[in-house]
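Here is a short briefing to read with the model open beside you. Have a look at the structure first, then follow the notes below.

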Amino acid sequence: MSPNLTVKLQPGTQAPEFTLPDAEGRSVSLADYRGKNVIVYFYPQAATPGCTTEACDFRDSLASLQGSGYEVLGISPDAPEALAAFTGDFGLTFPLLADEDHAVALAYGAWGEKLVHGEVTEGIVRSTVVLDPEGKVKLAQYQVKAQGHVAALKQELGV
C-alpha cells in the first residue's frame, strides 16, 4: 500500500480540468460547465447502499440546486455500462461520469487510503467539490457521509 500522498483541493484554487465518458459513452468536460456553479461529487461504486442513498438525495434535490444555479456531476471508477444501469434503476437525472483509471479522483484529492470493514484499502474517498462559474474551488469536503450529506451541503450553500 502506497502512503497516502493525496493532495486535497483548497478553496480559491483552479480545479483540474477533465473529460470523462458519461453513462452513454458521450464525453463530458468540466469546460462544458464554464459559467455555472458545479457540484462534483465522487462516490466509490454505483448501486451500493451508501452511493445509492447519496445519488438519490442529489436526484431529489436537483430542482432546488439547479434553481439556485448549481449543476451536479457524479464521478466514480465504474464503467459506463454500470453507470447506465445505476441511472436507469434509480431514475437519476444528472450526469454520472466514468473515471475508470481514477485519474480525476486522484487530481481532486478524492482517491486514497480508507478503512472499509476494518481493512485499510485504496479507493475513492467520498468527496464533494463545489466549483464557481470560473472553475475555481468554492468548497471541498472529503470523507463525507452519504446519509444527510446533500441536506448539509444545501444548507452550507444557502439553497
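The lining of the largest pocket splits by class into eight nonpolar, five polar and four charged residues. In this count Ala, Val, Leu, Ile, Met, Phe, Trp, Tyr, Cys and Pro are nonpolar, Asp, Glu, Lys and Arg are charged, and the others, Gly among them, are polar. This is a predicted model: local features need pLDDT of at least 70 and side-chain atom pairs pLDDT 80 or more, while totals for chains, interfaces and linings use all residues. Numbering runs from 1 along each chain as its sequence is written, and side-chain values use heavy atoms, without hydrogens or water.

**The largest pocket**
- Its volume is about 510 Å³, the space filled by probe spheres set on grid points joined across faces, edges and corners.
- Pro 44, Lys 114, Val 116, Ile 124 and Arg 126 are the closest to the pocket centre among its 17 lining residues.
- A pocket here is an open set of points on a 1 Å grid over the protein atoms alone, where a 1.4 Å probe fits, with protein on both sides within 12 Å along at least five of seven lines; lining residues have an atom within 4 Å of a point.

**Arg 126**
- Arg 126 counts as buried because its relative accessible area is 15%, and buried means under 20% (1.4 Å probe, protein chains only).

**Leu 92**
- Leu 92 is also buried, at 7% relative accessibility.
- Leu 92 and Asp 60 are 32 residues apart in sequence, with 8.9 Å between their C-alpha atoms.

Key:
Buried < 20%, exposed > 50% of the residue type's maximum accessible area, 1.4 Å probe, protein only.
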